[in-house]
Amino acid sequence: MPFPNSSELRPAFVLAALPGLEASPSWPAALLCCAYVLALAGNLAVLLAVRLEPGLHAPMYFFLCMLAAVDLALSTSAVPRALSFYWFGTREIGFGACLVQMFLIHALSAVESTVLLAMAVDRYVAICHPLRHAAVLTDAATAKIGLAAVARGVLFFLPLPLLLLPLPFCGSRALSHSFCLHQDVMNLACANTTPSVVYGLAAILLVMGLDAVLICLSYVLILKAVLRLGAWKERLKVFSTCIAHICVVLAFYVPLIGLSVVHRFGRDLAPLVHVTMGNIYILVPAVLNPIIYGVRTKQIQRRILSLI
């Protein structure tokens, strides 16, 4: 029997589009492009507002800048390639480009999860130990946390493409999303994927899973501290400083959980569900985060209005 050639073992994968709209892709392209432009404009506005407003030079807003930068990178790693299909009809993505995109999406998601945890810790220290806040979360400490978040994402998720690299892909080349995800690509391999499955699950649990538990723990401690305050008005005033962060956490983790559930239990679901959930996972946090903090923070509102 002849051996399969390299193009069969290292195929170009086929990106998924909204079913039935391949022939007339104008409105999904417009919708995706508008969401991407909103994400770019909103996050760039947040970065400029914090950069130009001296009153925002504090750890919480430095973490917000990190979040905006990660959202910019995450959406840019996936959306332009998806738009190229709708605009130019190029559905295929090379094997190497797919692995690079997969690594960027997972690593940047891990960085965003770590930044959200750091913001939760910032809220905990500010509310439960206000006198120590300035000493604990200095500018140097904030920068180190940012570097640690990037290193954590790279170290935990670099093995994912390396585990897929030696596997043969000799069957279907069709992906379930408009971009490359580890589980989606792994399911197309025609070889034993147990090491990749085990490591991928362990990485998700040790990064996103652990971060979610620690964020919940921080808010339990915050609630205990808030409930010890005397008046309800004072309790609401203190806890209102956490509302924006809670909304941002939900905007990140709810699509992440939804996408994981679709991958695990939704094999019989319509392709539309997979494509839509993937786009929500990539774009919803990037679009909502600057809106949430723009609405909740008066200084950001004023600076953005002055820029406009």
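Predicted model: local features only at pLDDT ≥ 70, side-chain atom pairs only at ≥ 80, totals over all residues.
A search of the whole structure identified four aromatic pairs. One of these joins Phe13 and Phe95, whose ring centres are 6.0 Å apart and whose planes meet at 35°, so the pair is classed as tilted. Phe13 belongs to strand 1 (residues 13–14) and Phe95 to helix 4 (residues 95–128); the contact therefore ties together parts of the chain that are 82 residues apart in sequence. Phe13 has a relative accessibility of 0% and counts as buried. Phe95 is likewise assigned as buried, because its relative accessible area is 9%, and the cut-off for this class is under 20%.

Phe13 also forms an aromatic pair with Phe169, with a centre-to-centre separation of 5.5 Å and an angle of 85° between the planes, an edge-to-face arrangement. Phe169 is located in the loop between helix 7 and helix 8, whereas Phe13 lies in strand 1, so this pair ties together parts that are 156 residues apart in sequence. Both Phe13 and Phe169 are buried.

Leu165 is situated in the loop that runs between helix 7 (159–164) and helix 8 (182–186). The relative accessible area of Leu165 is 41%, and this residue is therefore classed as partly exposed.

Technical notes
Residues numbered from 1 in each chain as written. Heavy atoms only, no water. Helix = DSSP H or I, 4+ residues; strand = E, 2+ residues; numbered from the N terminus. Buried < 20%, exposed > 50% of the residue type's maximum accessible area, 1.4 Å probe, protein only. Phe/Tyr/Trp six-rings, centres within 6.5 Å; stacked < 30°, edge-to-face > 60°.
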